[in-house]
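Hi,

Here is the structure I promised to send over. Have a look at it first, and then read my notes below.

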Amino acid sequence: MAEQLNRRRGRAHGAAAAVLTGCALLTACTGGADGDTGTTAPPAARGTLEQLAAKADCEPNVQTDAEEIRQANCTTKDGRYVLATFATDRGQREWINEANDYGGSYLVGRKWVAVGDPDVVAALRGRLGGTVETASPHHSGNSGGGGSEDGHSGHHGS
């Protein structure tokens, strides 16, 4: 049982790294924006990746289609972002906790996250609802090379 959990966690960490890599390629993913945009957002949307993308006026380019996480790159009039849905609330929270190490702006709903520049996330919030979370990176610089960070599984995307 423990071995199965470790394999599952490894896949979830690998998927989180894939989303973060996609985010880094699509956006600057820098923190520093205030999570409260001062606008009233609708209740947080629910649905599949495709349903959420439709609400956000995005034609999703699916990059990851796994049991634990589905991820798509989206481009709308507001900009580019990554949209991810999760099989469980726990999987989502674990992904967010790990992703916080990289900084960025996240729009968070139940079992989904959108990652992008602060302005894009704020615009999406008007369509999808949710809560904006921002994080400052724990490492200095934005090398994109991954480096060596304690506590990470060591999985590398190709």
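This is a predicted model: local features need pLDDT of at least 70, side-chain atom pairs count only at pLDDT 80 or more; totals for chains, interfaces and linings use all residues.

**The sheet and what sits around it**

β2 (residues 69–76) and β3 (residues 79–86) pair in the antiparallel sense, with eight bridges between them. Strands and helices here are DSSP runs (E, at least two residues, for strands; H or I, at least four, for helices), numbered from the N terminus, and two strands count as paired if DSSP finds at least two bridges between them.

Residues are numbered from 1 along each chain as its sequence is written, and side-chain values use heavy atoms, with hydrogens and water left out.

Back to that pair: β2 and β3 form a hairpin with two residues between them, and Asn73 stands opposite Val82 in β3. On to β1 (residues 61–65), which runs antiparallel to β2 and is joined to it by four bridges. Those two also make a hairpin, this one with three residues between the strands, and Thr64 has Gln71 in β2 as its bridge partner. Six of the eight residues of β2 are buried, so the strand is largely enclosed by the rest of the structure. (Buried means under 20% relative accessible area, with a 1.4 Å probe and protein chains only.)

Five bridges join β3 to β5 (residues 112–116), where Thr85 faces Trp112.

Now for Phe86, which lies in β3. Phe86 counts as buried because its relative accessibility is 9%. Leaving aside residues up to four places away in sequence, Phe86 touches Glu68, Ile69, Gly91, Gln92, Trp95, Lys111, Trp112 and Val113, where a contact means heavy atoms within 4.5 Å.

Two of those contacts, Gln92 and Trp95, are also among the buried residues of helix α3 (residues 89–99), which are Gln92, Trp95, Ile96, Glu98 and Ala99.

Cheers

Terms used:
Buried means under 20% relative accessible area, exposed over 50%, partly exposed in between (1.4 Å probe, protein chains only).
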